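Please keep the sequence and the model open beside the text while reading.

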Amino acid sequence: MKTKKIVFFPAFKRVVPSDFENWLEDMALNGWHIERVRQWSSIIMIFIKGDPKKYRFVYDMRAIASKDYVSTYEQFGWEYMGRMASVYMWRMEYTDERPEAFTDKDSIISRNKRTIAAVSFSFSIFLLAALAMSIALIFFSDNISVNDRMQLIIGVIFFIILAILLGTVMLYIHKGNKQ
Amino acid sequence: MDEEKAVKKYLPMTETMFFILLSLQQEHHGYGIMQHVKQITNNRIILGAGTIYNSLSRLEKDGLIKVLSEEDRRKIYISTALGRKILKVEAKRLVELYENAKTLLEEPI
């Protein structure tokens, strides 16, 4: 029987916070658990097989958190899973009522806005990278080798795909905020 | 933040803000606020950690509450004079709302 499961790019496949939280919850319900969330967890996540458990996960993006941030969550019974980039991950085991960290409309909107801001930043970087590579291809293609040209084309396609993906996520979260 | 700006920013107040500010007329830490609000609303409102953290950060930044002390990385907060003023303005608004609603209900259909 498999005791370990490796998932690549988990956070890239589920960029919307609630999708990522629900996916981790489903994994735990099927007995797949993560011990810690680390900086590289958005790229690779290792799950260990155990007993199925009902966990509520919380994805909380914060560029800056004051020193009482972690202790506030811990007082409420949340277990700190770790951080990947600016995302703090929390979980809480439950039986009946599903626990919530954000209990009013304002704080849900505020969390979504923080996520949109971070996604917009990455979106701009990817778009700029695609633009810079396109300029290099258009204006300097005579001076670069066929191999380098191919790499630039692949780079442009890669960054455009990422920008489209992040743009879609921004729209999705924005739509969710309006609702 | 001056009173006029605070009134514009916080009124009408959300239930969450109202009860947090009301709880902080006495000193409390984040978890203590949740317990107090749960008690005075007969378990109707149970504030989450993220909501409390966001609200406290915002209220502190705008000068409606302040940190009284820190124990084991836990901050103990209390309302400032500005916070109390804003809460009273909101309370007056709610009383006015209540009086008007009452008049409406007393009128024959």
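## Strands and the sheet of chain A

Two strands are said to pair if DSSP finds at least two bridges between them. Helices (H or I, at least four residues) and strands (E, at least two) are themselves DSSP runs, and they are numbered from the N terminus. This is a predicted model, in which local features need a pLDDT of at least 70 and side-chain atom pairs count only at pLDDT 80 or more, while totals for chains, interfaces and linings use all residues. Residues are numbered from 1 along each chain as its sequence is written, and chains are lettered from A and ligands numbered from 1 in the order in which they are written.

In chain A, β4(A) and strand β6 (residues 87-93) pair in the antiparallel sense over 7 bridges, and A:Val58 stands opposite A:Trp90 in β6(A). The pairing belongs to an open sheet of 3 strands in chain A, whose order is β4-β6-β5 and whose pairing is antiparallel. The edge strands of this sheet are β4 (55-61) and β5 (79-84) of chain A, each of which pairs on one side only. From one strand to the next, the twist averages 20°.

## Chain A as a whole

Chain A has 5 helices and 6 strands, and from the N terminus on its elements run β-α-α-β-β-β-α-β-β-α-α. Taken along the principal axes, the C-alpha atoms of chain A fill a box of roughly 65 × 45 × 30 Å. The domain assignment, whose bounds come from an automatic or database source, gives domain 1 (4-93) and domain 2 (105-178) in chain A. The centres of domain 1 and domain 2 of chain A, taken over C-alpha atoms, are separated by 25 Å.

Two residues are in contact if their C-beta atoms, placed from the backbone, lie within 7 Å. By this rule, 7 residues of domain 1 of chain A are in contact with 8 residues of domain 2 of chain A. The side of domain 1 of chain A that touches domain 2 of chain A has 4 nonpolar, 1 polar and 2 charged residues. Here Ala, Val, Leu, Ile, Met, Phe, Trp, Tyr, Cys and Pro count as nonpolar, Asp, Glu, Lys and Arg as charged, and the others, Gly among them, as polar.

## Confidence in chain A

The pLDDT is the predictor's confidence in each residue, from 0 to 100. Chain A averages a pLDDT of 86, and 97% of the residues score at least 70. Within chain A, confidence is lowest in helix α5 (residues 146-178), at a mean of 77, and highest in strand β2 (residues 32-33), at 96. Where pLDDT is low, the predicted coordinates should not be read in detail.

Chain B has 5 helices and 2 strands, which follow the pattern α-α-α-α-β-β-α when read along the sequence. Its C-alpha atoms fill a box of roughly 60 × 35 × 20 Å, taken along the principal axes. Strand β1 (residues 65-71) of chain B and strand β2 (residues 74-79) of chain B pair in the antiparallel sense over 6 bridges, and the bridge partner of B:Ile65 in β2(B) is B:Ser79. The hairpin of β1(B) and β2(B) has 2 residues between the strands, and B:Asp72 in this hairpin takes a positive phi near 45°.

Axes are lines fitted to C-alpha atoms, for helices over the stretch in contact, and angles run from 0 to 180 degrees between N-to-C directions. The axes of helix α2 (residues 15-23) of chain B and α4(B) come within 11 Å and cross at roughly 70°. Angles under 35 degrees count as roughly parallel, over 145 as roughly antiparallel, 65 to 115 as roughly perpendicular and the rest as oblique, and α2(B) and α4(B) are therefore roughly perpendicular to each other. In this crossing, B:Thr16, B:Met17, B:Ile20 and B:Leu21 in α2(B) meet B:Thr51, B:Ser55 and B:Leu59 in α4(B), a contact with 4 nonpolar, 3 polar and no charged residues.

## Where the chains meet

The contact between the chains takes 17 residues from chain B and 20 residues from chain A. On the side of chain B that touches chain A, α3 (30-40), α4 and β2 of chain B each supply at least two residues, and α4(B) gives the most, with 6 residues. The residues of that side of chain B divide into 7 nonpolar, 7 polar and 3 charged.

How do α4(A) and α4(B) cross? The axes of helix α4 (residues 105-140) of chain A and helix α4 (residues 49-61) of chain B come within 9 Å and cross at roughly 80°, and the two helices are therefore roughly perpendicular to each other. A:Ser107, A:Ser110 and A:Arg111 in α4(A) meet B:Gly50, B:Thr51 and B:Asn54 in α4(B). By class, this contact of α4(A) with α4(B) has no nonpolar, 5 polar and 1 charged residues.
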